Each structure stands twice: as C-alpha cells, then as structure tokens.
Amino acid sequence: MSRGLSRAGLYLLAGIIALAAAFPFYYAAITSLKSGDALFSMDLLPRQWHWDNYVAIFAQQPFATTIVNSFWVATGVVSVSLMLGLSAAYALSRNRFRGRRLLMMTILGVSMFPQVAVLSGMFELIRWLGLYNRIGGLMLSYLIITLPFTVWVLATFMRRLPREVEEAAIMDGAGPLTIIWRIFLPPLMPAMFSTGLLAFIAAWNEFLFALTFTLTHEQRTVPVAIALLSGASEYELPWGHIMAASVTVTVPAVVLVLIFQRRIVSGLAAGTGT
Amino acid sequence: MAEVRLEAVCKSFGQEAVIRDLDLTIADGEFCVFLGPSGCGKSTLLRLIAGLADVTSGRIRIGGTDVTELPPKARQVAMVFQSYALYPHMTAYQNMAFGLRLGRRGRQEVDRRVRETARSLHIEHLLERRPAELSGGQQQRVAIGRAVVREPRVFLFDEPLSNLDTDLRTRMRAEFGRLHGRLRNTMVYVTHDQTEAMTLADRLVLLRDGNVAQAGPPLALYHNPESLFAATFLGTPKMNLIPATLVGAEPDYAVLGLPDGSHHRAGVSAAAARAGATVTLGLRPEAIRLGDQGPNSIAGRVSLVEHLGDHALVHVDWHPAAGAILTRTQGGVPPAPGEQVRLSYAPQACHLFDQDGRAFPRLPAERGLPPGGSD
C-alpha cells in the first residue's frame, strides 16, 4: 500500500517537473502557429495552423544565413574545444609537473567570471586581432566558456585510464600524439560526445558576446537575430515571428541530443566507474 | 640478444633513494629474476632498464650500447605488465600488431609475424577478440605475444603472474620457462614470489633496500646464503633461527652453546670470530629430523602439527628463551600435539650468522648432506 503510494508520488513529482520543463517550449510552439489577435488569447491547443510566421522570418530577413553562421560557429567551437581539451587533459592528467594543480584551478577559476566582466577586455582583444564582426571572433570568445569544462571533464575521464596501458604504448614506440589519438581517444569517445554536445549547445545559445562582437545582419548568430527581430512599428513586438524563430533553432539541438543520447548516457555511466 | 649492464645506478624520488649505487651484469640469454620484499626497488629497477624511468645517476648498457639517454623504443626491449595493459578497444591481433605498425613494417610482414607468434603461443583462435572477451590467462598470453612479436633484445616481465589464480599461475610459470628455452633471449623477471624465482631463474638477484643483497644461481642462494636476510627470505617455511654463543672454533667445525646449556657442533668455519660471541644458528625445517641421532639433539614438546598431505609441519616448543622450532617430516606418522620428542640435525645442515647477520662460510660436507651450490 505505502509502496504504491510512494510510487504514485514519484510519478506525480516526475510529471510536474516534466511539465514545468516542457510547457514553455510547447507554448512557444503553439504561439508560433497563431497570427494577429489570436496571439494574445490564452489557448492550450492550437485553434488554427498558420505557417505565415515561419515563412515571414525567412522571407523578411537573412534568417537562413544566421542559422548557417550559428552552425559554423558552434561546430568550430566544438572541434577546437575537443582538440585542445583532449591534449590539455592528457598533459594535466597523465603528467606530474610543478604548478599542475594551480593550472587546473586557474582553468576552473576562469569559468567562474561572469561574461560581462571579461566583455570589454575581450572586445579589445578581438578588435586587435581584426576579428570584430567576424564569426572567427565569436569562436575565439566562446572558447573561454567551453574550454574549462571540456578540459576538466576529459581530464577526469582520462585519469581513470590505467597508467600501464599508456606505458605499454610507450614501450611499443608510441609518442604522445599517437597515445592520445590511438590509445586514449577510443575509450574516451562517450566523454567526447557529452562534452562536445554541451559545448555545441553553449555556443549555439550564447547571446552577450554574439551581440557585442557583431554588427551586421550577415554576421549575426541565431540568439541575436531573434532578439533583434522587429515588427511593423517600433511599438510592436512580433511575438509570432519570435516564437517561430525560436522553435526553428531549438530543433537542431533537440535532434542532436536524440542522436547522441545513447552515447551520452553510456558516457555518464562510464564516468561513475561502472 | 644482448647483455644488460647496470653501472653505479642510483634512483631517487625526491629525497628518497630507491636504488643505491647498484652494479649488476645480466649475461646474454640469461633468465634473471629480481626477487625481494615490497619496496626493495625491484620494479623501479625494471622500469629503469625499460626506459620508463630515468636514472638519477649511473649508466645502463644493453648489448654494449649506452642506452641511459635513449627513449624506450630505441632500446629494443619489450615489457609485460602485471595488469597485462592490453589496449582495451583493440582486438588481440591489433594489440600485437600495434608496435609493428608504428615501426612502419609492411602490412604483410606484420601479418606474418603476428600469426607466427600467435601460433607459437596457441592463441590463434583468440586473435579477433577484444581483451574484455578473454580470460585472465588468455590476456596474459596476448600480452606475452605483444612482447614476443616485436623480437626485442631483452624481455622485461613485471610480476606477470601475480593477477592469476594459483592453478593458472603454476601452468603459466612453466610456460615462461618454455618460452625462455625456445627464444633464448635475455629475460629480466620481477617477482615477490620465491617459488617463481627459484624455478625460473638462471640467476637470482635478491634485492634489499635498493641494492643487491646476493646474486647467483637459485640453489647457491638457497644453500649458501651470505646473510640472515637471504637465509630467511628464501625457503618456505622459513629457516629456524636459534640464538647461540660461540664456544669454540675448530678448523672443520664450530662448537655452539645453545640456550638450554647443551653444546652442539656446526659445520661452519667460525675462526674469524672470537669465543663467546653471540651468534645465530639457522636450521631449515627440512634439515631437522625427529629422533635422537648424532651429536646435535634437542628435547621439546610438540605444540602444533600441520598436515599437508605428503608432509607435515611439526612445531616444537623447547626452551623459553628461543622460539618454537618448526620441522618438516616426510612420511611416517607425525607425533601428536603434547607429545615429548627429540629433534636432531647434522652439523653440515647448520647455517651460522654473526651479530650483523653475515654468514660464516659453510664447510663442504665430506659425506651425507648435499654440499650446496658453489658460488
């Protein structure tokens, strides 16, 4: 009896959490299908299916370019983060050297600064490098967000790989790069998928740097483009367009998670040492 | 094929010296076993030869070449690890081929060598399996195969059998002996198991506190230990140690005063010591017989009997100032606990050590007992 009750309680709780997490997205989805005054009536089910908003965001502005920009930025950030993260993790987890702990702590410390704190310094750096209003500048600045956790997670996973396997590879004549690529990378793939996906989402959704370091429509990424969507007059917020754009750009992230779900779960399980 | 020569090798980790000024030559084709208690530096020594650790000072030569500054791959040595250390995501075949491929050997040559080695180790049917699909013994064979396939000048084995169960360990031990018989390479084998050391070694190097306590053929170490440490480390059960006083030293024997006041004869040359010196008498359990025979006999009471099938271990209490004497009886019916017994031993069976634990030379037996190794 009490067993059944606690089970029911568990499902109830899980239901509430799922509802709280999914409802905003659901509401955005049905709002994106409305137009005109219907936007401001509270409906739990869509009355009509209007695709006008979706057509409008691609027709009235270079939204497709924006998505491509976002895609390149996120992909670039993921590849660079994983490559640098993997090699840094190797150095930090397999070698003992003076200042190793300090370096690990610094990397962690960097990720604790609020983005606003580094904004002006980063702006100067990007201007000096000639990367202002280029997606290369965004990639560079996103690395300070994604690298710390990539390095930490990969270093933690790598520390679990037995030392003797590495030494066996050294005896076989493998250098550090061969060891990283051919000995350590394959068992680390689940961790690479998880951190890569997190880095992708972080880069895909980033707003502040993207707003500050770009100027023109052609260089913008998705979050900025959505925020700067304008209506017919400056007194009108185009909720329909905003929601349609939001739904459009959330889909790739969801699809990615679904594709790699299995690998991520096995990565997390491996991380707990089972 | 190569001789391994260590010259004045020192290794410290920070302030802690692990290997102290060690000189050792391992002859070409020799099966050399490093034996010692944990912390004696035997694994460190192996890693120094492998090149996985750098010497603090001293030189290492393999086949006449100074390899002290060379990385592992340039030393042409192969190592088998305690945990086997197979690459988990590769099949047995890929594990064995990995080193050869890195050495830029042709695909056909790699294939031929891997298959030949696999055949010689009877692991052909396992080549397509990953380590997780292999038993401990099979992983061990693949790990050996990965070393053999590279045709190194020197093989290094770091406690390769300690992760296996007893039965498998006995079988694999014999296999190491056969492997050496077939390949005739120089092999260096680290273990803390004296059975492995005794059975496998051409030469046994007993290490203590980062230096060689004694080196030589296993039987020489067994019969003529140079120190109390070597005497007690080799042999199961351990040698009995009895405190004694040196009463007199004749040219062909020494007279000892035992704690119970009796005088015994030991076949050792103790002329270097003065009469009255405190000494330690060492007797191996198998050298002590039940019954009253000859000049050296002890009366005591049986406190414990351990039956081990073909033989029994009898613990005898005899004098409060000395510990129980352990003797090993072969055949017959062992005495029961509580029984009064007499133990005796031949003078030639004695080992005698001075106060610093150094052995007095044993005199060759004229007849009866085995003379022990010559070294």
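Predicted model: local features only at pLDDT ≥ 70, side-chain atom pairs only at ≥ 80, totals over all residues.
In what order do the four strands of the open, antiparallel sheet of chain B run? The order is β2-β1-β4-β5. Chain A has eleven helices and zero strands, whereas chain B carries an open sheet of four strands and another of five.

**Chain A: overall make-up**

- From the N terminus on, the elements of chain A read α-α-α-α-α-α-α-α-α-α-α.
- Taken along the principal axes, the C-alpha atoms of chain A fill a box of roughly 70 × 70 × 30 Å.

**Chain A: packing of α3 and α8**

- Helix α3 (residues 63–94) of chain A packs against helix α8 (residues 176–205) of chain A, with the axes 8 Å apart and an angle of about 140° between them.
- Because angles over 145 degrees count as roughly antiparallel and 65 to 115 as roughly perpendicular, α3(A) is classed as oblique to α8(A).
- The crossing of α3(A) and α8(A) is right-handed.
- On the α3(A) side, the contact includes Ser70(A), Val73(A), Ala74(A), Val77(A), Gly85(A) and Tyr90(A).
- On the α8(A) side, the contacting residues include Pro176(A), Ile180(A), Phe184(A), Met192(A), Gly196(A) and Trp204(A).
- By class, the residues of this contact between α3(A) and α8(A) divide into 15 nonpolar, six polar and no charged.

**Chain B: the four-stranded sheet**

- In the sheet β2-β1-β4-β5 of chain B the pairing is antiparallel.
- β2 (16–26) and β5 (65–66) of chain B are the edge strands; each has a single partner strand, so one side of each lacks a neighbour in the sheet.
- Strand β1 (residues 4–13) of chain B runs antiparallel to β2(B), and seven bridges join the two.
- Phe13(B) has Glu16(B) in β2(B) as its bridge partner.
- Helix α1 (residues 42–50) of chain B packs on this sheet, where it touches β1, β2 and β4 (57–62) of chain B.
- The direction of helix α1 of chain B makes about 115° with that of β1(B).

**Chain B: the five-stranded sheet**

- Five strands of chain B form an open sheet in the order β13-β12-β11-β14-β20, again with antiparallel pairing.
- The edges of this sheet are β13 (263–266) and β20 (351–353) of chain B; each pairs with a single strand, so one side of each is left without a neighbour in the sheet.
- From one strand to the next, the twist averages 45°.
- Six bridges link strand β11 (residues 240–249) of chain B with strand β14 (residues 278–283) of chain B, and the two run antiparallel.
- Opposite Ala244(B) stands Val279(B) in β14(B).

**Contact between chains A and B**

- Chain B contributes 16 residues to the contact and chain A contributes 14 residues.
- On the side of chain B that touches chain A, β6 (77–80) and α2 (92–102) of chain B each supply at least two residues.
- The largest share of that side of chain B, three residues, comes from α2(B).
- By class, the side of chain B that touches chain A has eleven nonpolar, four polar and one charged residues.

Conventions. Residues numbered from 1 in each chain as written. Chains lettered and ligands numbered in written order. Axes fitted to C-alpha atoms, helices over the stretch in contact; angles between N-to-C directions. Parallel < 35°, antiparallel > 145°, perpendicular 65-115°, else oblique. Left-handed = near helix turned anticlockwise from the far one by under 90°. Contact = placed C-beta atoms within 7 Å. Nonpolar A, V, L, I, M, F, W, Y, C, P; charged D, E, K, R; others polar. Pairing = 2+ DSSP bridges.
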